Amino acid sequence: MCHLARRIILPGSPEGFCFRAGGDRCLQSMPTANVSKDHPALKCATLFAMMNDDASTPDRPISFTVTATDAASAARAGTLTTPHGVIQTPMFMPVGTQASVKALAPDDLTALGAQIILGNTYHLLLRPGPELIADFGGLHHFMGWHGPMLTDSGGFQVFSLGHLRALTDDGVTFRSHLDGNEVRLTPERVIAVEEQIGADIILPLDECPPYPCDEATMRRATERTHRWAERAIAARKRPDQALFGIPQGGMSAELRAWSAETISALPFDGFSIGGLSVGEPKEVMWAMAAATVPHLDPTRPRHLLGVGSPEDLVEGVAHGMDLFDCVLPTRVARNGGLYTPTGRVNIRAARWRAEHGPVQAGCDCWTCQRFSAAYLHHLARAEELLYYRLGTIHNLRFLIRQMAQMRAAICDGTFAQWRADFHARYQPASAAKREEQREKWLARHSANPDRAP
Ligand SMILES: [Zn+2]
């Protein structure tokens, strides 16, 4: 086994470590002498960073280095090293709800530049179940994605998808949307499930208060989230997984600041800011983000839960966020909405019927390199399965390329200009249009929540 694999092997890992970030070859048996920064199988310097970084040793599951900051905003560029690879931040995480980023294979994700994906504990707990995933050596092995991975706690889905039966300080009981069985989740049980699933970064159970709600409800949910955070820390057993804390605080700047300070004082490896993008106006969301970030330890990474439209990613980065996840870009793609530098277009619209060029001129994604917009238009209207893959590849590549552009601008000291140029050019979907689409989507999926990402 090579020097590299020896350095990043994890105790309890059934078969050691197979590193494939950026390449598709297993380097496990490659002699150390052959592993150089220029090796074509690596395509990036990330592996070298790991060789020289003790962060992936079990006592420190991840390490995070801020490499550049923006003078005019809270934006920053960094490097996050995990046991399964390195993430150049800021970065967007495609969501793999049920051990799959809908319509894509892991090789598609690698090809479009995804560096980390997110799995939903709620869905995986109900089906296929954490015992089965553990029996396959964890979710990386089960689904064939060997890069970094984060699992959420399932709390958000319990409150939004599950049929809540009881919520007490001890935990939550809900009815599974699959078979109606009662399921109990406590902070301890969530950690045990996430340890079986085996992601690089895991999240504790939290209570996300509804929007809108009164101050007393916000405070109660925030206090409970803090108590559950301490229980999650006490319950963790695996030293090779990072645990991010979730600050809450509803839509109160005062509660947000208090929650951020409380969570930051605990030995979490990073933060996943919760309870935003739950229906509040955009200006309120950014005010709450601004009330949170200054109270978080700046040396640890910040993830903004559930935010992922192109314009929100720009503002999220400007507010100091390092990681994002959202089902929006993949869901929107499946519904015919494709991103372009000037805004989202509907590929089903008649204007694309005979378009010989790609949906976005100059896009480096596989879809645009290979297929005309007219072909996508035809596939989408015919509801051909290939459309879902091609549309999803374009939207995810669009966002990941946007993240790389922002990172480069932060490093060059030109982020303020980049941000201004983006907003001058990009026309976001209007609030009314967004709400109409959300209602349509909810109406379609409420009868069958199993399809809901
Ligand atoms: Zn494209």
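## Overall composition

The chain has 18 helices and 17 strands, where helices (H or I, at least four residues) and strands (E, at least two) are DSSP runs numbered from the N terminus. This is a predicted model, in which local features need pLDDT of at least 70 and side-chain atom pairs count only at pLDDT 80 or more, while totals for chains, interfaces and linings use all residues. Residues are numbered from 1 along each chain as its sequence is written.

Of the 453 residues in the chain, 46% are buried. A residue counts as buried if 20 or more other C-beta atoms lie within 10 Å of its own, as exposed if 12 or fewer do, and as partly exposed in between, with C-beta atoms placed from the backbone. Two residues are in contact if their C-beta atoms, placed from the backbone, lie within 7 Å. Among contacts between residues at least 6 apart in sequence, 66% join residues at least 24 apart.

## The sheet β1-β2-β3

Strands β1, β2 and β3 form an open sheet in that order, with antiparallel pairing. The edge strands, β1 and β3, each pair on one side only. From one strand to the next the twist averages 15°; axes are lines fitted to C-alpha atoms, for helices over the stretch in contact, and angles run from 0 to 180 degrees between N-to-C directions. Two strands are taken as paired if DSSP finds at least two bridges between them. Strands of a sheet pair through backbone hydrogen bonds, either parallel or antiparallel.

Six bridges join β1 (residues 63-69) to β2, and F64 has L80 in β2 as its bridge partner. The hairpin formed by β1 and β2 has six residues between the strands. The hairpin of β2 and β3 has two residues between the strands. Helix α16 (residues 385-412) lies across β1, β2 and β3, and runs at about 120° to β2.

## β2 and residue G78

Six of the seven residues of β2 are buried, so the strand is mostly covered. G78 lies in this strand, which spans residues 76-82. G78 is buried because 22 other C-beta atoms lie within 10 Å.

Leaving out residues up to four places away in sequence, G78 touches F64, T65, V66, T67, T89, P301 and D322. P301 is 223 residues from G78 in sequence, yet their C-alpha atoms are 8.7 Å apart in space.

## The sheet β8-β9-β10

A further open sheet has three strands in the order β8-β9-β10, with antiparallel pairing. Strands β8 (163-167) and β10 (182-185) stand at the edges with a single partner strand each, so one side of each has no neighbour in the sheet. Neighbouring strands of this sheet are turned by 25° against each other on average, direction ignored.

β8 is joined to β9 (residues 172-175) by four bridges, and the two run antiparallel. L164 stands opposite F174 in β9.

## The hairpin β16-β17

Strands β16 (residues 337-340) and β17 (residues 343-346) run antiparallel and are joined by four bridges. The bridge partner of G337 is N346 in β17. A hairpin of two residues connects β16 to β17.

## Helix α10 and its packing

Helix α10 (residues 253-264) has 12 residues and reaches 16 Å from its first C-alpha to its last, close to the 16 Å expected at 1.5 Å a residue. The expected span is 1.5 Å times one less than the number of residues. Buried in α10 are L255, R256, W258, S259, A260, T262 and I263. These residues pack against α9 (215-235), β12 (242-245), β13 (270-273) and α11 (282-292).

α9 and α10 pack at an angle of about 5°, with their axes 11 Å apart. The two helices are therefore roughly parallel to each other; angles under 35 degrees count as roughly parallel, over 145 as roughly antiparallel, 65 to 115 as roughly perpendicular and the rest as oblique. At the contact, M218, R219, T222, H226 and A229 in α9 meet L255, S259, T262 and I263 in α10. The residues of this contact divide into four nonpolar, four polar and one charged. Ala, Val, Leu, Ile, Met, Phe, Trp, Tyr, Cys and Pro count as nonpolar, Asp, Glu, Lys and Arg as charged, and the others, Gly among them, as polar.
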